[in-house]
Amino acid sequence: MATKTDKKNVIRQEIIDSASIYSQKLAGKAFLYVYRDEYFEVSFPIDHFLHLTGVETKLSARDFYKNAKRAKLTNSQFYFDARHPYANAKKKLPCLKRLPELTSNIICILKDMQTVTIIYKLSVTNLEFTLGLIENIDSKGNKINDFFLPMSLRVEDSSVEKSNGGEVVDYIFSKDASVAEYDVLLFEDDQKTIPKSVWHMINKKFYNDLNG
């Protein structure tokens with residue numbers, strides 16, 4: 001039978017593996033989600049990784065991520081409590097490793113998903129797990145930019161029921177966060193055409209190549 005230490009070792013390794021994937025696939029990139037004529041952008045800051053793991057720590061969110069990314073996170077640097085129980089982390093972490101699937105596959109965009117503590121204006125889900133997104137605002141509530149940021153990873157099948165309707169994504173583009181225009185297509189509904197509302201956000205040569 002697994003001991004508490006054995007269980008914590010497994011969680012620690014899951015966090016380390018998740019940080020590696022987050023670093024390679026998500027951090028430093030921006031993603032553009034398009035549905036009908038509407039769109040929104042998402043980025044994945046390194047200090048939001050902790051929110052998605054389901055564990056608690058006394059480290060800063062940035063240091064927690066850095067230690068995990070470097071595989072230097074120790075069992076004493078994270079813990080579980082009533083708000084962040086072991087069972088929750090065990091359930092979340094396999095989905096956290098799969099988080100890039102929400103940037104490269106068909107997904108559903110949910111509006112006003114309600115949880116016990118917050119209503120997420122936008123969320124994205126593959127119906128197995130859901131990523132709740134928040135606006136990028138400062139401590140005074142002022143908007144920093146138009147990006148949405150990951151805040152909650154929920155593993156449940158009731159997210160759609162708890163939201164105010166959903167839309168299936170038509171396109172997902174990505175770019176390096178250091179460049180101005182999107183130049184990678186990760187997902188498309190080949191029955192749709194790219195709406196004029198996002199033409200100004202897509203690299204012109206790339207757009208022309210996409211359209212033959």
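**Entry 1: Ser174.** I began with the contacts of Ser174, setting aside residues up to four places away in sequence, and found Ala30, Phe31, Tyr182, Asp183, Val184 and Leu186. The model is a predicted one, so I keep that in mind throughout. Ser174 sits in strand E8, which runs over residues 171-176. Is Ser174 buried or exposed? Its relative accessibility is 7%, so it counts as buried, since the cut-off for buried is under 20%.

Entry 2: Next I looked up Ser18, which belongs to helix H1. Ser18 has a relative accessibility of 1% and therefore counts as buried too. Which residues does Ser18 contact, leaving aside neighbours within four places in sequence? I noted Phe49, Leu93, Leu96 and Lys97.

**Entry 3: the aromatic cluster.** One aromatic cluster is formed by Tyr22, Phe31, Phe44, Phe49, Phe64 and Tyr65. Phe31 is in that cluster and is also one of the contacts of Ser174; Phe49 is in the cluster and is among the contacts of Ser18.

**Entry 4: ring pairs.** How many aromatic pairs does the structure hold? I have 14 written down. One of them is Tyr22 with Tyr65, an edge-to-face pair with 5.9 Å from centre to centre and 65 degrees between the planes. This pair joins distant parts of the chain: Tyr22 lies in helix H1 (residues 4-25) and Tyr65 in helix H2 (residues 61-69), 43 residues apart. Tyr22 is buried, at a relative accessible area of 2%, and Tyr65 is buried as well, at 3%.

I then turned to Phe78 and Phe80, whose ring centres are 6.1 Å apart with planes at 80 degrees, so this pair is edge-to-face; the angle needed for that is over 60 degrees. Phe78 is buried at 1% relative accessibility, whereas Phe80 is partly exposed at 26%.

**Entry 5: Gln24.** Back in helix H1, I picked out Gln24. Gln24 is exposed, with a relative accessible area of 55%, because exposed means over 50%. Where does Pro100 lie relative to Gln24? Their C-alpha atoms are separated by 9.8 Å, though the two are 76 residues apart along the chain.

**Entry 6: stepping back.** I listed four helices and nine strands in the protein chain. Their order along the sequence reads α-β-β-α-α-β-β-β-β-β-β-β-α. The C-alpha trace spans about 60 × 40 × 35 Å along its principal axes. Why does the radius of gyration fit a compact globule? A compact globule of 212 residues would come out near 17 Å, and the protein chain has 18 Å, which agrees.

**Entry 7: totals.** Of the 212 residues, 42% are buried. Among contacts with a separation of 6 or more, 58% come from residues 24 or more positions apart. Last, I looked at charge: the mean position of the 30 positive charges and that of the 28 negative ones are 8 Å apart.

Notes:
Residues numbered from 1 in each chain as written. Predicted model: local features only at pLDDT ≥ 70, side-chain atom pairs only at ≥ 80, totals over all residues. Heavy atoms only, no water. Helix = DSSP H or I, 4+ residues; strand = E, 2+ residues; numbered from the N terminus. Rg over C-alpha atoms; globule rule 2.2 N^0.38 Å. Buried < 20%, exposed > 50% of the residue type's maximum accessible area, 1.4 Å probe, protein only. Contact = heavy atoms within 4.5 Å. Lys, Arg positive; Asp, Glu negative; His and termini not counted. Charge placed at Lys NZ, Arg CZ, Asp CG, Glu CD. Phe/Tyr/Trp six-rings, centres within 6.5 Å; stacked < 30°, edge-to-face > 60°.
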